[in-house]
Amino acid sequence: MNSFSQAGLKKLREFKLSGIARTIDVRLTAATADNLSHSEFLELLLEDEVNQRSDNKRKRLYGGAHLPYEKGIEDFDFTFQPSVKKAEILELATGNFITKHENILFIGQPGTGKTHLSVALGLKALGYGYTVLFTSVAEMITTLEQSRADLSYHKKIQLYTKPDLLILDELGYKTMAESTVEDFFEIVSRRYEKGSIIITSNRDFGEWDKIFIDKTLTGAILDRLVHHCHITTIKGESYRVQHRNQKS
Ligand code: ADP
Ligand code: MG
């Protein structure tokens, strides 16, 4: 096996050519064995670097999304939940809603597949190369609240503003404190017509003033969210409960 010099490897790493650094020994050996021309050898190395970079980018993209699990549209049983129209979900799966900066709301009782569908659309978006961030509403609110204390508020606002798609899971499980409603409004209004949001909630719009308390802010939030929005209200049984019943 040929081996590249330590000094050469160090330079490759300094120039952040880790794809080449990883394969150069193998490529050198193969080049000798197969009598490759200089340009063939160089092309193989460049291809290794390109592959490594796109692999790194993919890992960063998927890792940065913080999806709780990986379940796709193909794992969703539409016959179990007929109020979810497969054609509509497949249309959303094209990612066009992200290009158009539109939002999606999944409203339904626990276990009806809201998170599953959000994750599935998040995976599709990642596949198209979009940046995605998944968080529960409670986690986002806590993060923003704590960031005021450590002066990282602006940075945290950016965290939730920048991704092409922000998935906010479980809106409405808890009533929010007044200061946190303002943070929620801040994110929604900064993303308005600039980036898509998917929200899952167990509460219908009519009840959102119970989540956000302040009627004016509730109106302002709803206005911006619903202006360009695909709303799916899931009316059906909990998949969890049904499948637990079947098992027992
Ligand atoms: P919700 O967010 O509405 O409370 P989830 O999306 O977490 O519900 O669904 C609960 C569990 O049931 C998950 O494991 C999910 O994958 C599964 N599930 C829900 N609905 C379906 C469905 N129609 N087909 C297949 N799996 C489903
Ligand atoms: Mg859920």
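The exercises below, each with a worked solution, concern a predicted model.

**Exercise 1. Domains**

Find how the protein chain is divided and how far apart the C-alpha centres of the parts lie.

Solution. Step one is to read the bounds: domain 1 covers 6-62, and domain 2 covers 73-247. Step two is to take the separation of their C-alpha centres, which is 41 Å.

**Exercise 2. The setting of S152**

Locate S152, decide whether S152 is buried or exposed, and name the side chain that S152 joins in a polar contact.

Solution. Start with the position: S152 sits in the loop that runs between α7 (137-149) and α8 (153-161). Next, take the relative accessible area of S152, 14%. Buried means under 20%, so S152 is buried. Last, look at the side chain of S152: a polar contact of 2.6 Å links it to the side chain of D150.

**Exercise 3. The largest pocket**

Give the volume of the largest pocket, then describe its lining.

Solution. The volume is about 440 Å³. Its lining consists of 21 residues, and Y69, G111, G113, H116 and R240 are the closest to the centre. By element, α6 (114-127), β3 (165-171) and α12 (239-247) each provide at least two lining residues; the largest share, three residues, belongs to α6. By class, the lining has six nonpolar, eight polar and seven charged residues.

**Exercise 4. The second largest pocket**

Solution. At least two lining residues come from each of α3 (38-65), β2 (132-136), α7 and α8. The classes are eight nonpolar, six polar and three charged residues.

Conventions:
Residues are numbered from 1 along each chain as its sequence is written. Chains are lettered from A and ligands numbered from 1 in the order in which they are written. This is a predicted model: local features need pLDDT of at least 70, side-chain atom pairs count only at pLDDT 80 or more; totals for chains, interfaces and linings use all residues. Side-chain values use heavy atoms; hydrogens and water are left out. Helices (H or I, at least four residues) and strands (E, at least two) are DSSP runs, numbered from the N terminus. Buried means under 20% relative accessible area, exposed over 50%, partly exposed in between (1.4 Å probe, protein chains only). A polar contact is a pair of N or O atoms within 3.5 Å; within protein, one must be able to donate a hydrogen and the other to accept it, and residues adjacent in sequence count only if both atoms are side-chain atoms. Domain bounds come from an automatic or database domain assignment. On a 1 Å grid over the protein atoms alone, a cavity is a set of points where a 1.4 Å probe fits but cannot get out, and a pocket is an open set with protein on both sides within 12 Å along at least five of seven lines; lining residues have an atom within 4 Å of a point. Grid points are joined across faces, edges and corners, and a volume is the space filled by probe spheres set on the points. Ala, Val, Leu, Ile, Met, Phe, Trp, Tyr, Cys and Pro count as nonpolar, Asp, Glu, Lys and Arg as charged, and the others, Gly among them, as polar.
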